[in-house]
Amino acid sequence: MDPQNTSRKRIAVIPGDGIGQEVIPQALKVIRAAGADVEFSEFDWGADRYLRDGMTVPPDGFAMLSRDFDAVFAGAFGDPRVKTNIHAKEILLGMRFQMDLYANVRPVRLLDATLCPLKDVAPKDVDFVVIRENTEGVYIDAGGVFKQGTPDEIAIQEDINTRKGVERIIRYAFEYCERHKKLDGSPRKRVLMCDKSNAMTHAGGLWQRVFKEVAGEFPQIAAQHMYVDALCMQMVRDPRAFDVIVTNNMFGDIITDLAAGLQGGLGMAASGNIHPGKTSMFEPVHGSAPPIAGKNIANPFGAILTAAMMLGHLELTKEAEKIESAVLAAVLQKKTTQDMGGTLGTREAGEWVAERAST
Ligand code: NAD
Ligand code: IPM
Ligand code: MN
């Protein structure tokens with residue numbers, strides 16, 4: 001590390017498992033090609049390491065990431081050899097919870113009409129963002145199993161919603177709406193809260209009350225509401241209905257895979273796990289995709305767009321824009337992997353984007 005260079009951004013890289021190990025190197029290549037002043041330190045946290053010596057995250061690992069790095073860039077975690085998924089839980093959910101990365105920001109953008117499974121939908125029609133609560137809900141894994149293995153077995157999975165947690169994610173969504181523009185340059189204008197308060201009245205009631213309260217602080221932004229089931233239907237009927245969506249951890253997980261389908265599949269979806277002012281973590285939305293791992297066929301664009309998102313967050317705006325336009329060019333010229341209708345491999349698609357981003 002060069003102590004003289006204070007503007008150089010330090011990035012911890014954790015490729016993880018499966019296709020994470022293939023797409024992350026492509027994204028690093030593109031970041032370098034775009035000329036970003038960054039320094040990478042790679043960590044081998046993931047299934048191989050866990051199976052070798054039992055380590056998931058070293059003691060002090062999360063504090064080290066927050067202290068020594070400006071951002072974390074992660075691949076995917078999940079391996080069929082680790083049946084309990086314990087390493088993924090400890091590494092991925094560990095970062096989200098221990099580093100308090102409460103806002104999982106998942107932009108949904110269609111780069112080219114041919115990628116969308118819906119008919120008569122243009123890129124301008126799919127341009128929304130999901131702000132997913134990232135530190136609470138059923139993901140806390142509170143609860144227990146009683147009388148396991150007997151006919152009387154009981155499984156309890158608690159849904160934890162704190163006033164503080166709900167308020168900060170809703171406020172984040174309104175502030176995001178205020179600060180961000182759509183791809184065509186027009187302002188964002190609407191925040192929609194998605195819940196299931198007709199059935200889950202305790203948690204839903206809290207979300208409803210806090211949403212109304214916080215919305216009152218932002219009179220220029222339209223506050224809307226939908227139940228999560230109706231929202232899923234609407235998302236495939238007419239994605240134009242959405243601008244900024246805010247929701248809880250689990251609904252956010254589910255609707256962002258659905259939304260990824262509108263963008264051309266999981267291979268195109270980017271995300272950031274953010275706590276303003278703290279070291280944040282960026283990862284593609286997709287997982288380790290074991291069936292396609294190791295074959296050089298995974299789409300690296302989700303990881304590359306995630307890299308652009310990370311650089312934007314680190315205020316390396318010029319480099320982020322270069323990367324985004326290089327991916328757009330690749331999509332328009334079909335320099336893509338097979339899932340997107342192209343003929344390139346993971347490495348070749350990454351190489352094409354890197355070349356383009358370097359000019
Ligand atoms: P997945 O996202 O890994 O893959 C689902 C399917 O989507 C794949 O089989 C593949 O057909 C397609 N796909 C995903 N990414 C792609 C890409 N880049 N290019 C082309 N096609 C792509 O979801 P899954 O199969 O449910 O989960 C596999 C493992 O990954 C599990 O262990 C799961 O827990 C884990 N997972 C991890 C993360 C993460 O680390 N952030 C996210 C989701 C799933
Ligand atoms: C995601 C993933 C994770 C989640 C899994 C791997 C725990 O699906 O990042 O979307 O549910 O958050
Ligand atoms: Mn998911």
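Partly exposed here means a relative accessible area between the buried limit, under 20%, and the exposed limit, over 50%. Arg 240, at 44%, is therefore partly exposed. All views below show a predicted model.

**View 1. Arg 240 and Asp 238 form a salt bridge.** Arg 240 has a relative accessible area of 44% and is partly exposed. Asp 238 is also partly exposed, with a value of 23%.

**View 2. Asp 100 pairs with Arg 168.** A salt bridge joins the two side chains, with N and O 2.8 Å apart. The pair links distant parts of the chain, 68 residues apart. Asp 100 sits in the loop between α4 (86–98) and β4 (103–109). Arg 168 belongs to helix α5 (residues 163–179). Arg 168 is buried, at 16% relative accessible area. The backbone of Asp 100 also deserves a look. Its phi is near 55°, a positive value in a residue other than glycine. Most residues other than glycine have a negative phi.

View 3. Glu 167 is partly exposed, with 22% relative accessibility. Arg 163 is partly exposed too, at 35%. What else is linked with this pair? Arg 171, Glu 213 and Glu 217 join Arg 163 and Glu 167 in a network of salt bridges. In the whole structure the count comes to 26 salt bridges.

**View 4. Ligand 1 has 19 residues around it.** The closest are Phe 77, Glu 283, Gly 287, Ala 289 and Asn 299. A polar backbone atom of Phe 77 is 2.9 Å from an oxygen atom of the ligand. A polar backbone atom of Ala 289 is 2.8 Å from an oxygen atom of ligand 1. At Asn 299, a polar backbone atom lies 2.8 Å from a nitrogen atom of ligand 1. On its own, ligand 1 has 800 Å² of accessible area, and the protein covers 66% of it.

**View 5. Ligand 2 is held among six named neighbours: Leu 92, Arg 96, Arg 106, Arg 132, Tyr 139 and Asp 253.** Side chains make the polar contacts shown here. A polar side-chain atom of Arg 106 is 3.0 Å from an oxygen atom of ligand 2. For Arg 132, the distance from a polar side-chain atom to a ligand 2 oxygen is 2.8 Å. Asp 253 has a side-chain N or O atom 2.8 Å from an oxygen atom of ligand 2. The protein covers 73% of the 320 Å² of accessible area that ligand 2 has on its own.

View 6. A search of the whole structure finds zero disulfides. Cys 177 is in none, and the nearest cysteine sulfur, in Cys 194, is 16 Å away. Cys 177 is buried, at 1% relative accessibility. A disulfide needs the two sulfur atoms within 2.5 Å. Cys 232 is partly exposed, with a relative accessibility of 25%.

**View 7. Phe 146, Ile 154 and Ile 156 make a nonpolar surface patch.** The patch has an area of about 250 Å². Ile 154 is found in strand β7 (residues 154–157). Ile 154 is partly exposed, with 39% relative accessible area.

**View 8. Asn 296 has a positive phi.** The angle is about 60°, although the residue is not a glycine. Asn 296 lies in the loop between β12 (280–282) and α9 (301–313). Asn 296 counts as buried, at 16% relative accessibility.

Terms used: Residues are numbered from 1 along each chain as its sequence is written. Chains are lettered from A and ligands numbered from 1 in the order in which they are written. This is a predicted model: local features need pLDDT of at least 70, side-chain atom pairs count only at pLDDT 80 or more; totals for chains, interfaces and linings use all residues. Side-chain values use heavy atoms; hydrogens and water are left out. Buried means under 20% relative accessible area, exposed over 50%, partly exposed in between (1.4 Å probe, protein chains only). Patches are made of residues with over 30% relative accessible area and no salt bridge: like charges are joined within 9 Å, nonpolar side chains (Val, Leu, Ile, Met, Phe, Trp, Tyr) within 5 Å. Accessible areas come from the Shrake-Rupley method with a 1.4 Å probe; for residues, only the protein chains shown count as cover. A salt bridge is a side-chain nitrogen of Lys or Arg within 4 Å of a carboxyl oxygen of Asp or Glu. Helices (H or I, at least four residues) and strands (E, at least two) are DSSP runs, numbered from the N terminus. A residue is near a molecule or strand if one of its heavy atoms lies within 4 Å of it. A polar contact is a pair of N or O atoms within 3.5 Å; within protein, one must be able to donate a hydrogen and the other to accept it, and residues adjacent in sequence count only if both atoms are side-chain atoms.
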